[in-house]
Amino acid sequence: MFRLLRPLLAAVSAAMALSAPAYSQETIKIGEYASLTGKEAAFGQSSHKGTLLAIEEMNAAGGVLGRQLELITEDNQTKQGESATIVKKLISREKVVGVLGEVASMRSLEAAPICQAYRVPMISPSSTNPKVTQIGNYIFRVCFIDPFQGTVMAKFAKETLKIRKVALLTSVSSAYSVGLAKYFKERFIADGGEVVIEQKFTEGDKDFNAQLTAIKASGVEGIFVPGYYTEAALICKQARDLGMTVPLFGGDGWEAPELIEIGGDAVEGCYYSTHYSPEVDTPAVKEFVAKFQARFEGEIPDAMAALGYDSAGVMVDAIRRAGSTDEPAVRDALAATRDFPGVTGSTSMDKDRNASKAAVIIMVKDGKFKFVQSIAP
Amino acid sequence: MTEFLQQLLNGLSLGAIYALIALGYTMVYGVLRFINFAHSDVFMVGAFIGYFAGKHLPHGTVWGGLVALAAAMAGCAVLGIVIERLAYRPLRGGPTLNVLITAIGVSLFLEYTGQLVFGATPRAFPAIFPAKIISVRGLVVSMNQVIVIVVAAVLMVALQLSVYRTKIGMAMRAVSLNPKAAQLVGVNIDVVISFTFGLGSALAAAGGVLYALNYPSIDPLMGMVPGLKAFVAAVLGGVGNIPGAALGALILGMVETFVDGSRWSTYKDAIAFAILIGILLFRPAGLLGRFTTEKV
Amino acid sequence: MPKPLIALITAVIAAFGVSYFSDRIDPYYLDVLIGVGINIILAVSLNLVNGYTGQFSLGHAGFMSVGAYLSAALTMLVGPRLLGDSGGTALQQGLLFLCALVAGGLGAAVAGLVVGIPSLRLKGDYLALVTLGFGEIIRVIFQNVDALGGALGLNGIPYYTTFFWVYAFAALTVFTVVCLVRSTYGRGFIATHDDEVASEAVGLNTTRYKIVAFVVGAFFAGVAGGLYGHFKLTITPTGFDFTKSIEIVVMVILGGMGNTTGVILAAILLTLLPEVLRSVEEYRMVLYSLLLIVLMLVRPKGLFNFDYLGMATRLRRKLWPARE
């Protein structure tokens with residue numbers, strides 16, 4: 001009888017192994033840090049929704065590597081210092097495989113050194129300041145960077161708006177604003193334009209009359225405002241109130257419904273560059289918009305949502321290609337990302353871990369964002 | 001020249017708003033000898049009341065705007081009186097430090113409850129008054145700026161009249177000169193103090209609505225910076241002195257605007273504080289104030 | 001050897017010991033502990049000014065920022081030249097860090113002098129506002145100094161802060177404050193607090209005491225700033241604004257102005273609470289502010305203001321009555 005025991009045992013364990021469920025109980029954890037509340041809540045909420053949609057979709061399709069994905073989101077409340085803490089928490093307590101975030105370059109710059117130090121890959125959905133990915137080889141982004149964006153807006157101003165003399169109104173308290181202003185200025189001057197006057201403000205400022213009055217007196221043909229939506233809206237409003245009719249334009253920091261809510265009529269006819277528009281006529285975009293609207297009660301996804309969606313997609317795709325959740329392997333797979341079919345365009349990581357994408361120009365017309373043109377790199 | 005005049009107008013408009021807030025600070029200090037830290041948050045609540053009132057009223061009409069303004073002023077008057085009754089009155093007579101701390105507590109409470117209830121994201125303030133732009137020989141005057149200056153002036157005159165021509169105003173002045181003596185001659189201190197708080201808070205609310213009119217993005221923390229600057233204005237003019245507060249606010253508004261339009265615009269917050277320190281060092285009584293030995 | 005000195009040395013050795021095994025501790029918990037230590041330094045140093053000497057300062061975060069920026073500038077700009085490409089040995093790094101911290105503290109002490117001198121003439125509310133003003137001026141200055149990163153602040157500060165440094169300095173801060181308070185200086189502080197006019201009348205130089213309090217408090221705030229900077233790795237001017245000052249003030253008030261043990265307990269509590277209550281973050285500040293108001297109405301001495309020494313003595317007497 002005992003001679004039968006060993007083969008019997010072998011058979012039973014073989015049977016058990018074969019009938020084990022394809023899923024392991026452990027989920028793959030992806031961390032996300034965003035400004036869900038606070039001054040730039042519009043950004044965080046938007047990108048979070050996009051990310052969430054992507055994760056839910058991928059889970060419904062079976063997850064990755066036979067496991068389900070778990071998105072762990074932490075709110076930094078648009079506050080300094082919080083991103084560092086919550087990213088550390090995500091890495092050391094939750095043991096996430098990768099980190100998604102943030103929209104604003106300042107906060108990405110805060111968290112990136114931590115991700116780099118702990119060797120956990122981080123993908124920023126829409127931080128455009130070049131310094132972010134320069135922190136280290138574990139930091140990536142799925143959007144274009146400000147040197148490109150600045151160039152796009154400079155060309156647009158010069159060629160489409162036919163502006164030769166421009167004013168620059170920069171926020172000194174955001175890495176994004178300072179960087180974008182610099183690149184715009186470089187390109188604009190190189191193209192033969194003139195930056196007649198430069199004024200500054202700080203985030204949280206409400207009164208720009210003084211700066212705008214000085215700008216008005218200088219007789220420029222347009223004003224470039226590379227800031228975030230709340231200040232941009234107020235600036236447009238005060239500019240119009242001062243009787244200035246020249247066009248104002250900016251970058252992707254303008255993109256939020258609050259721009260129109262606060263700016264009202266003043267932002268009509270203003271332009272800004274961003275990463276994508278829901279009106280772009282490709283099947284990928286149309287499908288994404290439809291899915292987003294179905295999930296979030298008819299809300300139209302903006303660029304932050306689209307990039308949030310893509311960042312999650314790229315991260316999971318890298319995990320799939322790496323074949324494991326081992327962070328160095330995921331990092332290498334991320335660096336090797338080529339032609340990932342994102343909603344915001346085909347995404348490939350270049351040697352600086354930035355994505356090379358087209359920009360779109362949006363105009364505000366009739367209280368809505370309208371797609372004007374797309375500019376390829 | 002036009003630019004200079006334009007900046008002058010901007011400064012006037014900003015100064016008018018600071019004046020409305022500063023008056024509240026100065027009145028409360030005059031009567032109670034303490035700085036009501038929560039005043040800047042009453043300003044914020046006023047803006048929010050105006051926001052909600054504006055949602056139910058037609059936009060762009062003068063009477064609609066006035067109703068919203070009145071609602072905000074009334075609401076905040078009540079708020080001010082309630083705060084005084086609950087948080088400050090029990091501590092009267094005790095060390096002033098305790099009241100200061102309580103005031104900070106009330107301020108934080110209003111700010112964070114505001115964030116809880118309204119969310120920290122800025123909201124767009126409705127255009128409750130008609131928004132028009134008049135151009136006068138190159139000088140652009142926005143209707144909102146005019147309204148701010150006119151309303152502020154009217155309220156200040158009204159305040160001056162009530163302080164110098166009414167009985168309760170006289171009682172206020174008596175209490176600010178010598179509380180014990182005032183009580184001895186039959187002044188009901190509690191009523192006077194409540195009235196002072198109510199009045200000051202109403203003015204702050206008006207400041208809040210007008211501020212939101214010109215800078216239509218409101219959020220629960222909007223009161224901090226204007227509040228501090230208004231306080232500087234009050235000190236500049238002489239705390240406890242009503243015309244002083246107005247003068248100080250005007251000067252501060254002008255200086256700030258001109259600095260803002262110059263190369264050093266990013267230093268403008270520091271300017272206000274530098275003025276504060278300067279005044280307290282060299283002329284602590286303020287420009288129009290009287291020197292009392294206690295303070296320094 | 002006097003008892004406080006023994007306590008100090010024991011604490012430093014203990015801190016070193018814990019630090020040695022710090023990689024066994026969960027990094028998140030380590031983070032929280034370091035945060036607690038930094039807040040202890042901040043609260044105890046502010047307590048010297050606000051609590052013992054009765055000078056209500058609302059600009060402590062400004063001194064912190066001076067220390068943070070100065071020490072970070074040293075380690076980031078001067079450090080690489082001194083240590084060379086290899087980054088130096090642990091001992092060299094430690095030495096550099098110590099120098100940077102002390103330099104930061106001294107810079108903050110100078111700032112404390114600059115703030116302290118005008119403040120001499122002011123009382124209560126005015127002082128509070130002037131210190132607040134100074135804090136804001138310091139912030140605006142840093143926002144405009146491009147060499148220090150301007151409004152974007154400094155990024156990529158080397159991670160030099162360890163459990164050891166934080167708690168060694170925390171012990172040093174407590175030691176300094178306790179020794180100061182128990183000395184004749186301490187009598188001076190308390191006299192100034194209780195009644196300045198009377199103190200002046202009996203010939204005490206209240207000026208000197210106020211300045212000493214400010215400068216010492218500022219020094220340690222600067223050290224805390226340096227530790228903070230090398231912990232968070234990124235510092236920006238707005239991170240050291242009025243709100244941060246208020247956070248420290250709340251710790252001092254909760255702990256009981258003038259009670260070092262109470263303040264330490266309050267610092268611990270108020271650092272741990274936000275971590276524990278992260279999910280209800282929005283309610284936390286509302287509760288804090290209510291706590292402040294209720295505290296002033298009901299127990300202005302502070303929540304943790306107990307006579308710990310007395311309690312400890314009575315406990316000891318109960319346990320070992322024969323000793324008396």
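This presentation describes a predicted complex and looks in turn at its chains, its contacts and some local details.

Good morning, colleagues. The model is a predicted one, in which local features need pLDDT of at least 70, side-chain atom pairs count only at pLDDT 80 or more, and totals for chains, interfaces and linings use all residues. Residues are numbered from 1 along each chain as its sequence is written, while chains are lettered from A and ligands numbered from 1 in the order in which they are written.

Let me start with confidence. The predictor assigns the complex an ipTM of 0.80 and a pTM of 0.82. Among the elements of chain C, the lowest mean pLDDT, 79, belongs to helix 8 (residues 196–201), and the highest, 90, to helix 9 (residues 206–232).

I turn now to chain B. Its secondary structure consists of 11 helices and four strands. The radius of gyration of chain B is 19 Å, close to the 19 Å that the globule rule gives for 296 residues, so chain B is as compact as a globular protein of that length. That radius is taken over C-alpha atoms, and the rule is 2.2 Å times the number of residues to the power 0.38. Along its principal axes, the C-alpha trace of chain B spans about 60 × 45 × 35 Å.

How much of chain B is buried? Buried residues account for 60% of the 296 residues. A residue is buried if 20 or more other C-beta atoms lie within 10 Å of its own, exposed if 12 or fewer, and partly exposed in between, with C-beta atoms placed from the backbone. Two residues are in contact if their C-beta atoms, placed in that way, lie within 7 Å. Among contacts in chain B between residues at least 6 apart in sequence, 76% join residues at least 24 apart.

Helix 4 of chain B (residues 96–118) has 23 residues and reaches 32 Å from its first C-alpha to its last, close to the 33 Å expected at 1.5 Å a residue; the expected span is 1.5 Å times one less than the number of residues. This helix is mostly covered, with 17 of its 23 residues buried. After helix 4 of chain B comes Gly119(B), whose phi is positive, near 80°.

Next, the contacts between chains. Between chains C and B, the contact takes 32 residues from chain C and 33 residues from chain B. On the chain C side, the elements giving two or more residues are helix 5 (124–144), helix 10 (242–255) and helix 12 (281–298). Helix 5 of chain C gives the most, with 13 residues. By class, the chain C side divides into 22 nonpolar, five polar and five charged residues. Here Ala, Val, Leu, Ile, Met, Phe, Trp, Tyr, Cys and Pro count as nonpolar, Asp, Glu, Lys and Arg as charged, and the others, Gly among them, as polar.

Chains A and C also touch, with 17 residues from chain A and 17 residues from chain C. On the chain A side, helix 3 (82–92), helix 4 (105–117) and helix 7 (175–190) each give two or more residues. The largest share, five residues, comes from helix 4 of chain A.

Within chain A, an automatic or database assignment sets the domain bounds. Domain 1 covers 28–144 + 281–357, and domain 2 covers 147–274. Their centres, taken over C-alpha atoms, are separated by 28 Å. The contact between them takes 16 residues from domain 1 and 15 residues from domain 2.

I close with the backbone of chain A. A cis peptide bond joins Gly101(A) and Glu102(A), with omega about -10°. Glu102(A) lies in the loop between strand 3 (98–100) and helix 4 of chain A.

Gln77(A) is not a glycine, yet its phi is positive, about 55°. Is Gln77(A) buried or exposed? Gln77(A) is buried, with 22 other C-beta atoms within 10 Å. Asp339(A), also other than glycine, has a positive phi near 55°. Asp339(A) sits in the loop between helix 13 (327–335) and strand 11 (340–342) of chain A, and counts as exposed, with 8 C-beta neighbours inside 10 Å.

Notes: pLDDT = per-residue confidence, 0-100.
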